[in-house]
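Subject: Structure handover

Hello,

Here is the structure for you to look through.

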Amino acid sequence: MKIAAYGCREDEIKYFEELKKRPDLKLITTTEHLSPDNVNLAQGAKGVSIEGLCRASCETLEKLYDIGVRFLSTRTVGYNNIDVDAAREIGIRCSNVSYSPYSVAEYTVLLMLASIRKFIHLMARSAVLDYSLRGMQGKELRNMTVGIIGMGRIGKAVARCLSGFGCRLIAYTPHPDEESGRLADMVAMDKLYEQADIISLHTPLKNSNYHMINSDTISRMKDGVIIINTARGELIDTEALINAVDSGKVSAVGIDTFENERNVIHIDHEAELIHNRNMLALKAYPNVIVSPHAAYYTDQASKDMVYCSIDGLASWISGGENENEIK
Ligand code: COI
């Protein structure tokens, strides 16, 4: 069976090479990102695997279908890079992957700790030999309430990671299960906004939650709230966030993902302008951490992404199930 993998990153290559040894697989890999112009690379393949920066638009999906592709897998948890409705209409089944949630969860805790201990500011000071502590007093997690929005695999892993810190954990998720209830006090979204000292986003991006963090929802949060986002940039109205940091309503921000990040992240801009004014404005504040969508980036997660994507496609092509199907 033939599978084409697009946007193959350097860290993924060795896992693709391992999979190429499978006698039942003809695996084509390319570093090119999927676009309407390069669907021909998947000629003869029933399954296509794409990286997070690839876009599967309606036009691209139609072209893929025309050359015989029936299954598409994104090597990501989030799947807003696929026009899922178009895929359903066209007749291409789609899946995402489940990689180690601790990659993102541990990074989320890192952003929380760095934010409450002003760690980046402290290190910037020490880099210029300023070892004073003026303005650098931090807070202890055990005295804080952390609100987790979204209790999927990553949200739950964040709750597990935080369980040793002694903070109060509250969470909102649309379909709570027993485990969520054991890990955190489940509350309504409004209560979470009202009570949390730190709010951490772990929900997939959908039309319904675009800009869920906006001037109205921020106004309902505690003064001095800290906002952490390792999910998707579009969950936050960046201008509203900038205003809230500027006014002091939000005392710190740790974001690994931001709006319109596509031509910014994972690229060296050392000698080039970055065309994302809001991101640049936000990152100029000393109490804001902006990182380049790196939370997922661990050895374990890279391996899981490749294996889960290709195994799922191979199972589908040979008539089996794919437990990561996007329904
Ligand atoms: C995801 O898996 O959803 C990520 O955010 C990872 C990234 C490579 C797009």
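F119, I120 and M123 make a nonpolar surface patch, with about 270 Å² of accessible area together. Areas are Shrake-Rupley values with a 1.4 Å probe. M123 sits in helix α5, residues 119-127 (a DSSP run of H or I, at least four residues). M123 is partly exposed at 39% relative accessible area, that is, between buried (under 20%) and exposed (over 50%).

This is a predicted model, with local features needing pLDDT of at least 70 and side-chain atom pairs pLDDT 80 or more, while totals for chains, interfaces and linings use all residues. Numbering runs from 1 along each chain, and side-chain values use heavy atoms, without hydrogens and water.

The second largest pocket has a volume of about 360 Å³. Of its 13 lining residues, Y79, V84, L205, K206 and N207 are closest to its centre. The lining has six nonpolar, two polar and five charged residues. A pocket is an open set of 1 Å grid points with protein on both sides within 12 Å along at least five of seven lines; lining residues have an atom within 4 Å of a point.

The whole structure has one cavity of 30 Å³ or more (points where a 1.4 Å probe fits but cannot get out). The largest cavity holds about 50 Å³. Its lining includes N229, I236, F258 and E259.

Best wishes

Key:
Grid points are joined across faces, edges and corners, and a volume is the space filled by probe spheres set on the points. Ala, Val, Leu, Ile, Met, Phe, Trp, Tyr, Cys and Pro count as nonpolar, Asp, Glu, Lys and Arg as charged, and the others, Gly among them, as polar. Patches are made of residues with over 30% relative accessible area and no salt bridge: like charges are joined within 9 Å, nonpolar side chains (Val, Leu, Ile, Met, Phe, Trp, Tyr) within 5 Å. A salt bridge is a side-chain nitrogen of Lys or Arg within 4 Å of a carboxyl oxygen of Asp or Glu. Helices (H or I, at least four residues) and strands (E, at least two) are DSSP runs, numbered from the N terminus. Buried means under 20% relative accessible area, exposed over 50%, partly exposed in between (1.4 Å probe, protein chains only).
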